[in-house]
Structures are given as C-alpha cells and as structure tokens.
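Please keep the sequence and the structure open while reading the points below.

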Amino acid sequence: MEPLSNKRKVIESKPLSFMERIYLPAIFKGLAITMKHFFRKPVTIRYPEEKREYSENFRGLHSLKRDEQGRERCTACGLCALSCPAEAITMISAERQKGEEHLYREEKYAAVYEINMLRCIFCGLCEEACPKEAIYLDGPHVASDYLRKDFIYGKDKLVEAPLNQ
Amino acid sequence: MGLTDILIKLGLIVIIFLISLVIAMYSTYAERKVAAFLQDRVGPDRAGPWGILQPLADGGKMFLKEEIIPTNANAFLFIAGPSLAILVSCIGTAVIPWGQQLVIGGHVIDLQVADVNVGVLYIFGVVSLGVYGIMIGGWASNNKYSLLGAIRAASQNISYEIAMGLSIIALLMTTGTLSLRHIAEQQTGFWHGHWFTWNVFSQPLGFLIFIICAFAETNRSPFDLPECETELVGGYHTEYSSMKLGFYLFSEYINMFVSGAVMATLYFGGYNFPLMHHIHSPNLVAILGVVVLFAKIFFFIFFFMWVRWTIPRFRYDQLMDLGWKVLIPLSIANIVITGVWITYFK
Amino acid sequence: MSTFYFIAFLSIFFSILVITAKNPVHSILYLILTFATFTVHYILMNAQFVAIVNFIVYMGAILVLFLYTLMLINLNKDSEPQKSNIIKIIGFIAGGCFLVAVVAALKAYQTSQLVVLQNPNLGLVKNLGKILFNEYLLPFEVSSILLLSAMVGAVLLATKEPKTT
C-alpha cells in the first residue's frame, strides 16, 4: 500500500544479536540515562510557596469591579446570568436609594450576586456579555472546601476591595 | 570471657540492631528521594528540612493505622509471618565484620558480633530462611493474590539461591575460607603485587551473578514479582495493614542493607580501602574502615534503588528462564574457569 | 548435658506435633521447627558444617518446597482419600518392620562398643573437607553420581514427550 505520509517506519523483528541478548549494555545505557536525570534540575514548582506564572488570558475567579470613584459598576442587568451556559449566576436587583450614590454607579444595583463555583465552567461568557465592564475572570484558582454550600460565592467574596483602604 | 567482654558484645549487638533499623527507616526516605531525583522531581521535602523527618512521620502513621486481621485468616500465622520476616532479616548482620579491631584502654574490641568459621554459609542459611516470612504471611492471609505472591516468592528464592550458591563457591575456591573475617582480611589494601586485592577483580563474573541473585533474593525490582501490583494487587502483603505491613517493608530494606554489606565484604574488600597501610594508628584505620564499609554499603543500597527506577519488571517465565537457563550454567562455567585458573596460574 | 536433654525434648515434642497436627501446613511448620532443633543438635556435637548444611538444604530449600506444594493442593476434609483396609494392613506391616528394626538396633547398641570420635574437631569445615576428599573420596563421588542420575531422571520425567501424531 502506498504510504500516506513519509513517517511510516517498518519495524524489523530480527532475532537479537548476541550483544543484545546479554542485555547488559542496554541495562548500562538505561542506568546512564537515569543517572543523567539524577543531576538535572528538578522541574517541580513547590506550589503554595512558588506559583507558576499564569497565562495572560487565564480565566480564574470572578471579581466584580468598581469604577474610578470606588463605586460598584454592576447594574444587575442579568446579561451575565443569561449568557452563562452553566447557569451558575443568580442575582437580585435593588433600586439605589438617596445617599447611596457613592456606593453604586448605576441607579439599579445587585443586592445579591451569587456564582456557584461548582457549576461555573470559567468560559468567560459573562465577561463578554457585561455591558458595564463590571465582571472579570482575573482571579486565582477557586480554593477547595468541604461543603457544597461554601462554593456559592456571594458579593462578600466577589466584589473588589474598596479603592482607598 | 569476662563481664566487660560480654557487655561490649551486647553493646555491639544493640548498636548494630539500631543501625540496621535506622538505615532501614532512612532507606524508605532515600528510596523516595532517589526515585524523585531520577525522575526530575524533588521528593518528600515537607517534614523537616529536606523532608528529613519523613520516616518518623511514616513510622508514626504505620503505628497508628488500624490493625486488620481478616476473618478467615489464620490469626497466629498471620502475625507470625511479618515477625519472622523482620527477625530473619535482622540476624543476617551477626557475622558481618564491620571493621578491624579497636583497642580502647587495653580492651580489644572485635567489630563483629560472631566470627563463625562458616560465616558465608550462615549468611546463605539466613537468606534461605527469609522466604518463610513471606510464604507464611501469604498463605495465612487466605487470599488468592497473597497466596500467588507467596508462591512466586518461594519459587523465585529457591531458583536464585542455587545460582547464588554456585557463584559463591567460585569465590570460596579463590579465598579458601568460609569465615567472612578472613575473607575481608585477605583483601587488605587495594593493590598487591601486580593485581587488585579485592575479590571483584578476580571474580567479575561471579560478582555479576551474585548481584543479580541478590536482587532476586531481596525481591527488589526488576525481580519484585511477589509484590507485582499490576497482577497481584499487593502481592503477599495485600491483606496486611498497620505495622505488620511496615514490618514487611522494613524487612525488605534491612535485607537490602545486609546484602549490601555481604557484597561489600565478599567482593569489594569489606572495610579495606586503598592506601590504608600508610596510616599508622590502628584505631584510626579501624574507624576509617567502618566508614568505608558503610560508604560501600550505601553505594549498594543506592544501586538497588537506581536499578529499581531504571529497569522494568521481568515477566515470570523470563525470570525463571534467566535463573535456570542462564545464571546457573554461567555460574557452573565460572566454577570451571576458576578451577582452571587456580590450577595453572596460581 | 541439660542443653542436650532440653533440645532433645523439643525435637521429640515437635515431631509428635508434626504427626498429630490436623492442618498439613501446620504440620510442615512443626517439621521446620523439628529440623531447627536438629541443627542445634549438630552444633552441640561441634559439627558446624553439617549443622549449617542441614539449615540451608533441609530448612531453607526442601521444606520450602514441601510448603510450596502443600499450599497449591487444596486439602479439605472432603478430599481426604478413603483409607481402605489394604492400606491399613500395609501401614501395619511397615510400622511393624520399623519397630523390629528399632528394637534390633537397640539390642545391637548394647552389645557393640561405643563409637568414639578420634578427632572432636572432625565436624569443622576444614577437617571434614580433608577427610571427605582423601579417605572417603570414592563413596563421596559415587553419591554425587547417584544424585546426578536422580537429577537426570527428574528432568526426563518433567520434559514433555514429543507429540507422536
């Protein structure tokens, strides 16, 4: 049959020669290879102390952003929840009261904003859908935990820390 | 024999026992470290600096684990198995000459527990007993995998004992003695006349056969078929837990230590080292000799690990073929060659 | 002397256990202990070489094979062979012959002189080797030929016959 590529390699199964049959040269070759690796620098990254650099488009934990004046950008439009293929996002909106202008940028804001991290697939569609540039997946990994309910992250974990603090 | 002599002997026994246990403990650590280094990793490094306390943590874990004795197992033999395994591996150290005589305050201290005049045969006997621990444990577990592991261990040990004995016979023909101390003394220094004094240079083939058989007798990879996890779950210690499992693992490492010591003594000059005749203080020579012997033993232990992480496991029929069809004829040929050599060139 | 009696008691005790033990594997284990006491007997007689050879060959090899075979055979109570009357009669005759032989030996022992070893160090390796290879060279070699023929016979029995078809 005509080979489709030139990568085909015919394996010869000749009986082993005497030098091959005493195995010792091959064993010493193997020992030399492992010894070479013995002196090589370990590739291990000791995780909690050292961290591997994340790629620039790595998508990690979500954070809800604030604007330049430290106000929450999210206006609870629900586009992120709508776009979410895993249905991980839920929110309850509320109207901004008088005197809360320094807290929320828009007139409507998310009183409750929850992401179920067990459902989230970190696709980044919420980030793309957001018209207010309020949500970004720029955090680290989601930490492990013991209970399922602890994986539902609320605003306390998601919202960025206030600016001047 | 005075009281002090008896005390000294007792002290020596206790020290050797402790040393072999500590070495066995740290062999488990060394095994993981060597494996890691050979695979470009770091190995255990959390318990203490560089993970130095890891064996203590492992030992503590072993002690605290739940002790399980299967319902249908023969409880007495189930416990006797690991006890026998570790007992047999510990008594092998009795005839190893650890160094030359020390003279402290008029007391001559032999750095050897017992200079038996059949020392080599004693070692051989202990090695042949070693398989009972595995067999009894494997049978008493009442588990087919354990039984298969035990049976593999038995047939493997018996097969390789023959080649090992024949390779030692060739060595004994050149040394003319069965006492390990005499064999060690014959290899004094490194170079005498026009040839090396160490036996490995007069018996290279014998040493090769001996070390291969040592791998098989200690059930180390590439001959670790009795505990071959891809086929037999855990082999003969499938049903074991807690410190009884620890005893099996420990006895394997003590066996490695003893076989390293035997190989160093029989073939690599024991406590002798090059240029030892230029040091005039006998005590210094004795102490340096102990250090050198341990360096050789550690090298052999390292070699055991190095091979383990390099060569894949044999198939069972290949193992038997190698033992019966290759090593035994080779060692008989070695005896004939040695006989001819002794008759015509010595 | 008291050591001798103690060890002799142990050997007889263990040999009785060998024949009374219900479980064949236990029986083999008692046999191992019996051989261990024999080894001690040899050491007491200053026959170190015989002691260590007994240790290696009997305890270390032959009994391992016994144990090995017994582990492979499924010895249940049901599979125990039926003891017919003929077997009982044969056993009785064999036992009677053995008894006669033992009694005869005891009577002969009373009449003959005590055999005294000329050289108490005969059992040491060096002396034993010299005697075996000088005085008793012919019986030694004949026995080795006997063993060789047994080995050849075993190999012949074990090899498969070539298929005649």
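1. What percentage of the 165 residues in chain C do buried residues make up? They make up 12%, where a residue is buried if 20 or more other C-beta atoms, placed from the backbone, lie within 10 Å of its own, exposed if 12 or fewer, and partly exposed in between.

2. This is a predicted model, in which local features need pLDDT of at least 70 and side-chain atom pairs count only at pLDDT 80 or more, while totals for chains, interfaces and linings use all residues. Residues are numbered from 1 along each chain as its sequence is written, and chains are lettered from A, with ligands numbered from 1, in the order in which they are written.

3. Chain C holds six helices and zero strands, these elements being DSSP runs numbered from the N terminus (helices are H or I with at least four residues, strands are E with at least two). Of the contacts in chain C with a separation of 6 or more, 55% are accounted for by residues 24 or more positions apart; two residues are in contact if their C-beta atoms, placed from the backbone, lie within 7 Å.

4. Two pairs of chains touch, and the most contacts are between chains B and C, with 19 residues taken from chain B and 17 residues from chain C. On the side of chain B that touches chain C, helix 4 (119-140) and helix 5 (144-175) of chain B each supply at least two residues, and the largest share, nine residues, comes from helix 4 of chain B.

5. Chain B also meets chain A, where 10 residues of chain B are in contact with 10 residues of chain A. Chain A and chain C, however, do not touch, and their nearest C-alpha atoms are 25 Å apart.

6. In chain A, three strands form an open sheet in the order 2-3-5 with antiparallel pairing, two strands being paired if DSSP finds at least two bridges between them. Strand 2 (89-95) and strand 5 (152-153) of chain A are the edge strands, each pairing on one side only. Strand 3 (residues 108-116) of chain A is joined to strand 5 of chain A by two bridges, and A:Ile115 stands opposite A:Tyr153 in strand 5 of chain A.

7. As for confidence, chain B has a mean pLDDT (the predictor's confidence in each residue, from 0 to 100) of 84, with 99% of its residues reaching 70 or more. Within chain B, confidence is lowest in strand 3 (residues 191-192) of chain B, at a mean of 72, and highest in helix 8 (residues 204-217) of chain B, at 88.
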